[in-house]
Amino acid sequence: MQIQSSQKSFGGELQIWQHNSEVTKTPMRFAVYEPKKKETPRGALLWLSGLTCNEHNFVTKSGALEYLAHKNILLVCPDTSPRGLKLAGEHDSYDFGSGAGFYVNATTPGYGEHYRMYDYVVKELHDLLISNFQFHHDKLAISGHSMGGHGALIIGLKNPTKFKSVSAFSPIVNPMRAPWGQKAFHGYLGDDQVKWKEWDACELILAGKTRSDTILIDQGSNDEYLEKELLTKNFMEACEVKNQLLNCRFQDGYDHSYYFISTFIKQHIDFHFA
C-alpha cells in the first residue's frame, strides 16, 4: 500500500491509500481517518458510499471527522467500484459501472473479472485493515448511504461476526424491485433472478439471514427516491416476518442528500460505539 495524500484534521490524520487489488485486478483507493490519541482507537467504522461517489465523499461532506476524533474511532471509506477499465457500457451512465459497483460479485463477461466489490470489502479490505491499522478489531462496524446502504445491509447480514453492528442512511433495500437495482443486477449478474436474491437485503432476511442485534436505518420522508428506488417499507415488512430487530426512523422533511446524513451521523456513530 502507498499513501497518496495526507492531511491533518481535528488532531488526527486523513490519509488516502492506494494498493493493487488481487480481487478487482485494478488499483484501488480508500480513505482512512486516524484519530491521534494515546489510546488505541476504540473501534472502526467502515462506510460504503453511494452512486457516483468515491473514497472522498463521506470525509468531505458528512461532518463526521470531529466527532470521530472525539470518540476515538477509526474511519475507513473505500471507493465504490474498480477504476481504470474500459468494459462495455462501463462509463455510459451514472447508475452502472464506474462509481456504481453495488457491492456484489459480478459474474457477467468482463465484469466478473473485476467488479467483485463484495469480496473486496469483506475479504481484501477487511484483512488490510486488520493487518495495517491499530484499533480494537472486534469493534468493526459498517454503515453506508443509498447504494452503500444496500452494501452495508447485505454485508452485515451475511457476516454477523465480522461486523459488530449495522446501520444505513436511505438504503436501497430491495434492489430486485427497483430500477437502479434491476439495471445493475442484470449487468453484473445476468438474467437469472434467482441469483439476484443473494444480493437483496429483503430476500436475505426472508431466507433467514438475520442478526441478533438491532439494525438502524434513517430515511428522509422527502427523499425523492423513496417510493421508486429505496422501498424502505419492504425491508420493514421482511424484518417483521422474520423477527429481525429494526429501528427504522423516518425523518420528517429530509431528502437524499449529505445534508441529511450530516444531521444524524453523530447518532449513528453513537449507535455503533455507545
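Analyst: Among the contacts in this predicted model that have a separation of 6 or more, 72% are between residues 24 or more positions apart. The protein contains 11 helices and nine strands, and its radius of gyration is 17 Å, close to the 19 Å that the globule rule gives for 274 residues, so the protein is as compact as a globular protein of that length. Its C-alpha trace spans about 50 × 40 × 35 Å along the principal axes, and 59% of the 274 residues count as buried, which here stands for under 20% relative accessible area.

Turning to the sheet, we find three strands in the order β7-β8-β9, forming an open sheet with parallel pairing. Because β7 (167-169) and β9 (246-251) each have a single partner strand, they stand at the edges, and one side of each is left without a neighbour in the sheet. From one strand to the next, the twist averages 10°. In general, strands of a sheet pair through backbone hydrogen bonds, either parallel or antiparallel. Here β7 runs parallel to β8 (residues 215-220), and three bridges join the two strands; within this part of the sheet, Ser-167 stands opposite Leu-216 in β8.

Helix α10 (residues 232-242) lies across β8 and β9 and runs at about 155° to β9, while helix α11 (residues 258-272) lies across β7, β8 and β9, running at about 175° to β7.

Definitions and conventions:
Residues are numbered from 1 along each chain as its sequence is written. This is a predicted model: local features need pLDDT of at least 70, side-chain atom pairs count only at pLDDT 80 or more; totals for chains, interfaces and linings use all residues. Side-chain values use heavy atoms; hydrogens and water are left out. Two strands pair if DSSP finds at least two bridges between them. Helices (H or I, at least four residues) and strands (E, at least two) are DSSP runs, numbered from the N terminus. Axes are lines fitted to C-alpha atoms, for helices over the stretch in contact, and angles run from 0 to 180 degrees between N-to-C directions. Contact means heavy atoms within 4.5 Å. The radius of gyration is taken over C-alpha atoms; the globule rule is 2.2 Å times the number of residues to the power 0.38. Buried means under 20% relative accessible area, exposed over 50%, partly exposed in between (1.4 Å probe, protein chains only).
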